[in-house]
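Keep the viewer open and follow along.

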Amino acid sequence: MATTAPAVPAPSLHEKLLRIWETPPGLFGVLATVDHKKIGKRYLATAFLFLLLGGLEAAVMRAQLARPDQHLLTPEAYNQLFSMHGITMIFLYASPILSGFSNYIWPLILGSRDMAFPRLNAFSYWVFLVSGIFLYSSFLIGQAPDRGWFAYAPMTGSTYSPGLNMDFYALGLILLTISTTVGAINFITTLFRLRAPGMSVNRLPIFVWGTLTTSFSMLFALPALTVACVMLYFDRRFGMHFFDASTGGHPMLWQHLFWIFGHPWVYIIVLPAMGLMSDLIPTFCRRPLVGYTYVALATVATGILGFGVWVHHMFSTGLPAMSTDFFSAASMVISIPSAVAVFAWLATIWHGRPVMRTPFLFAAGFIVLFVIGGVSGVVTAAVPFDWQVTDTYFIVAHLHYVLVGINVFPVIAGFYFWLPKMTGRLLDERLGRWNFWTMFIGFNLGFFPMHIAGLLGMPRRVYTYPAGLGWDTVNLISTIGSYLFAIGVLLFLINVFWSLRRGRVAGPNPWDGPTLEWAVSSPPPAYNFALLPTVGSRHPLWEERLNEPGSRSRITEGPALVEGRETLGVSPLDAQANEVLTMPEDSLYPFFLALSLLVTFYGLLTGAWALAIVGGVLVLVMTVGWLWPSAPVEEASP
Amino acid sequence: MLGFHGVAGSREAVLGWVLLVVAMIVTLVVSLLVLAGAWRGRTSELLPPQRTGGGLRWIVIGGIIVPTVILAAVFVLTMVTQAAVAAPSAPPTVTVQITGHQWWWEVHYLDRSPSRIAVTANEIHIPVGQPVRFELVTGDVIHSFWIPELGGKTDLIPGQRNVMWLEADSAGVYRGQCGEYCGTQHAKMAMSVIAEPAGKFNQWLVLQRQPAAAPPDPDVAAGERVFASSACALCHTVRGTLAGGRLGPDLTHLAGRRTIAAGMLPNTRGNLAGWIANPQALKPGSLMPVVPLRATELLAVVAFLQSLE
Amino acid sequence: MTTAAAAQRLPVDAGGPGATGAWGMILLIVTEASLFVYLLFSYFYLGSMARGSWPPSGPPELRLALPNTIILLVSSTTMWWADAGIRAGRQGRLRLGLLVTLALGVVFLAIQLAEYRGKQFTPHTNAYGSLFYTITGFHMAHVAVGLIMILVISVRGGLGHFSERRHLAVTNVTWYWHFVDVVWLAVFTSLYLSPRFL
């Protein structure tokens, strides 16, 4: 199918590179590997597991809400479930799943051999895992966070929440921000240092632009969450007064800090997914993306504007009109870059020759859901109308159109698209179509009626509702639809497990894709590229056939770098090779550092200060051990 | 449906419906373009990639110009609506202070002379066709005051006093519910606004200012004694009796209310008895404890409460 | 010339200002700086919402804080001197500079603790107390981490790990130490000076 030959290395070179790059099998290899592909797959599997857990929580809630005045759940159980559903989906699924794709794909699509900081990458995953374990261990003692993912003070203070529930929340999220922050630093450094020579910034895939923008947003947004959670923990554990209005604190401080973080976070969990779509749609429309520069700029603009809209979560808190008007305008303006992206996709489809494979079906469905979620967002940016719909099921509908539409649908599309690269086998097309239509119909059936429930006055976060308010039918439909959606997700899982054994062999480039990840075998070897490629355009594997003027990429020739784990370092913007980077060996330190953090945080949680100190000392020892040079330090070669 | 019985609410609802119609048109147009585009050039094979010209016009027109025009219009409409609902047409004559509690609403009809302040709970009477000023405070966590048919929400936040107004344009009973998640029984923190002609409203308000009328009946008198000497009086006030607790709703004119337990149950003899006998069964987590009463005591307390017109 | 041949001529782990490790440190500083921005935002936000005077107990005294600020500024200079030393290949200057910086940092922490002892309020007194101790405490934690870093590179310097060409760790720690210093200036200006002007 593809006319550009994949880069198949000579057997001797292959053996030599494998010896250098491959992680040894066995327990040591499992815990010590720094291979971005292994870490990426772990991220994907773990985040997907959390999607299933969050989905299970939702399924129980939908059963409770199917009819009025039901008693399947106690109010306390419901409140823990809806809080953990939000925390799970937003923190443990939506962002990590995209980190998973980026981890796996970035070095391949950028033409490199690993991330800039492979050990930090391993650490990032382990901390994500332990923070998930930490948060979920709260269920073991029946004290899961129960104040919503937004955790408004003062209801989270020890007066109104005496259990450990919100300590799990505050500490669990602080732990998770460590993982996310080092991940962001890693992506940014990788982008600016570890690309194929010639891949100047105007040749980056949009998916890379998405993750890059997201990573910068994380660096500026996450500290607001950290500060808020530290204050919450100090208020609860040490009797401080940050959110206590009677002693000079103020509950609105929490809301400001939380939403300064929270709104950029919404863009953080959609921009890489939108980027993925911007690369996937052209592949299936058999033409380059229309308006590459517009879409790249729109991505960055959205990331920046995302910091100027947080108050639209607070329109009913009695802020002065001057302030709400500004944030209302900003919240409307931010939809323009999204409109740019939507019309770039539409134009690409219109001027292309689309092939109805499963990834494209999910992409087309994504565009529709994105628009519904987008316009319902604009509707809520209108302050007086927001006073009515805020904190109703209208918002529940809106946010699920945004998060499921712009995250889950692209993620499933991404699996159909890239899983063959990871496993070497294609998913089944027929089952794929069933999968798409079940999810698409189920989702709309489940979530569209929630708009109506909201307009009928049904508030969010209620464990039950009385009969006779006109909410019964829409809720029953929502429950049926959401179960259909869940069946769709199960069909996807069946397809994945089926394909692992029986799937058609994919070959290096099953979709005839344009970018570098399709130039290597499926699954790629541990070293990614035997000969490090040079890039001459945005579409290295299409450029021969597009036959456009300009330089040509070189896929089948380049430096092999066989003196050890080595890859090329480039200049930040125009990607000129300027050094050979020695990459680290596998290491157990990241794993044990993450474990030490877990010990520390359990100490902080329970007030077992001795345990916290032991953990802290271990953290110090592991960090110094990690950074201590393993081999005698040599002079840099000239 | 939201809005249409309140002066502010109607404006908000009109804005909302205009926005929703625009939103549906945009969704429809884009969905049709996806379908048409996918149908138009569809192929079954992955053809060789090819760059056909054009397409940028889509972005400039569909992605920039059209949305900017729509958004500008929407923003103007938003600002006009916001200005229109910012203040009532006439200065309100009635000011109601709402205090949110986990999980009920304390209602004070403010007056310059303290003796004329009326206190009630969960049911707010207002004169129809007149704007009413609401001052919103909370006794514990954040709540949100919301009567969907009359207007939008305003939060009750510790450390600040928010102000809003409502005006009902037709008489009726309008259900409201806490709009901000406030803990275990957030779902059952309802209230109602009863909009009635000014004369009827004033009569009601005068009655609310009075202490409870002396119970003429021996059962009622027995109930009053039980109420005043048991845990009931630690939390509830019945003006004109010894009961002066401040933690729970003022019950001075309880019998005049339509519902009990913050809009949860109709105010009937059976419901009242059931609620007092075991509030935790009906509203788990409620701050009202189970007060151990013998059956005769329970019936006497119910009789007493039912006498509080 | 093929790219393969060109790659043979590239330096291995060239270091310098664009080094991968330097990117990591600079991005860490960016996100840590944001953390302090949000802490100071909280200080000013609660100050602007305060009903009484702010700070409730009057502006904090400068008697210890001002000399302490000067000590930290001087330590930045000595750190710079150590870093410039190893860039010129002078091991002695590196060791001496690091030791002096270490000593100054410890003195800073000691004075800060002495100042805490003299305070009329605790973190539990009111929100101002919570802010004061949390913000200065966060800064102290960063000083402490910086001191551990300096200690580690002092040991490594003693073992001869650094040279004229290879000193990325020293440069990174220097960057971090300057950052800690600049944060202190922001904290000092906000907590100690701004109540005197605002």
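Leaving aside residues up to four places away in sequence, Ser57(C) touches Gln120(C) and Phe121(C). Bear in mind as you look that this is a predicted model. Ser57(C) sits in the loop that runs between α2 (20–49) and α3 (65–87) of chain C. Is Ser57(C) buried or exposed, or something in between? It has 15 C-beta neighbours inside 10 Å, so it counts as partly exposed. Gly129(C) is 72 residues away from Ser57(C) in sequence, yet their C-alpha atoms are 9.4 Å apart in space.

The loop between α2 and α3 of chain C also holds Pro55(C). The peptide bond leading from Trp54(C) into Pro55(C) is cis, with omega near -5 degrees. Chain B has a cis peptide bond too, from Gln102(B) to Trp103(B), with omega near 0 degrees. Trp103(B) is placed in the loop between β1 (94–101) and β2 (104–109) of chain B.

**Backbone details in chain A**

Asp391(A) is not a glycine, but its phi is positive, at about 60 degrees. You will find Asp391(A) in the loop between α14 and α15 (393–423) of chain A. Asp391(A) counts as buried because it has 22 C-beta neighbours inside 10 Å. Asp512(A), again not a glycine, has a positive phi of about 50 degrees. Its place is the loop between α17 (472–502) and α18 of chain A. Asp512(A) has 22 C-beta neighbours inside 10 Å and therefore counts as buried.

Helix α5 (residues 118–136) of chain A is worth a look as well. This helix has 19 residues and reaches 27 Å from its first C-alpha to its last, close to the 27 Å expected at 1.5 Å a residue. Most of α5(A) is covered, with 16 of its 19 residues buried.

| Property | Chain A | Chain B |
|---|---|---|
| Secondary structure | 20 helices, two strands | eight helices, 12 strands |
| C-alpha extent along the principal axes | roughly 75 × 60 × 50 Å | about 95 × 50 × 35 Å |
| Buried residues | 66% of 638 residues | 45% of 309 residues |

How does the radius of gyration of chain A fit a compact globule, and why? With 638 residues, a compact globule would have a radius of gyration near 26 Å, and the 25 Å of chain A agrees with that. Now look at chain B, which has eight helices and 12 strands. Its radius of gyration is 27 Å, well over the 19 Å that the globule rule gives for 309 residues, so chain B is more spread out than a compact globule.

**Where the chains meet**

Two pairs of chains touch, and the pair with the most contacts is A and B. Chain A gives 77 residues to this contact and chain B gives 76 residues. On the side of chain A, the elements with two or more residues include α4 (75–110), α8 (251–268) and α13 (358–381). By type, the side of chain A that touches chain B has 51 nonpolar, 17 polar and nine charged residues.

Within this contact you can pick out one helix pair. α12(A) packs against helix α1 (residues 7–40) of chain B at an angle of about 25 degrees, with the axes 8 Å apart. That makes the two helices, α12(A) and α1(B), roughly parallel. From α12(A), Val342(A), Leu346(A), Ile349(A) and Trp350(A) meet residues of α1(B), among them Val30(B), Leu33(B) and Arg40(B). The contact of these two helices is made by eight nonpolar residues, one polar and one charged.

Chain A also touches chain C, with 53 residues from chain A and 40 residues from chain C. Elements giving two or more residues on the side of chain A include α6 (165–193), β1 (566–570) and α20 (609–627). α7(A) brings the largest share, nine residues. The side of chain A that touches chain C divides into 31 nonpolar, 16 polar and six charged residues. Chains B and C do not touch, and their nearest C-alpha atoms are 9 Å apart.

Technical notes
Residues are numbered from 1 along each chain as its sequence is written. Chains are lettered from A and ligands numbered from 1 in the order in which they are written. This is a predicted model: local features need pLDDT of at least 70, side-chain atom pairs count only at pLDDT 80 or more; totals for chains, interfaces and linings use all residues. Two residues are in contact if their C-beta atoms, placed from the backbone, lie within 7 Å. Helices (H or I, at least four residues) and strands (E, at least two) are DSSP runs, numbered from the N terminus. Ala, Val, Leu, Ile, Met, Phe, Trp, Tyr, Cys and Pro count as nonpolar, Asp, Glu, Lys and Arg as charged, and the others, Gly among them, as polar. The radius of gyration is taken over C-alpha atoms; the globule rule is 2.2 Å times the number of residues to the power 0.38. A residue is buried if 20 or more other C-beta atoms lie within 10 Å of its own, exposed if 12 or fewer, and partly exposed in between; C-beta atoms are placed from the backbone. The expected span of a helix is 1.5 Å times one less than its number of residues. Axes are lines fitted to C-alpha atoms, for helices over the stretch in contact, and angles run from 0 to 180 degrees between N-to-C directions. Angles under 35 degrees count as roughly parallel, over 145 as roughly antiparallel, 65 to 115 as roughly perpendicular and the rest as oblique.
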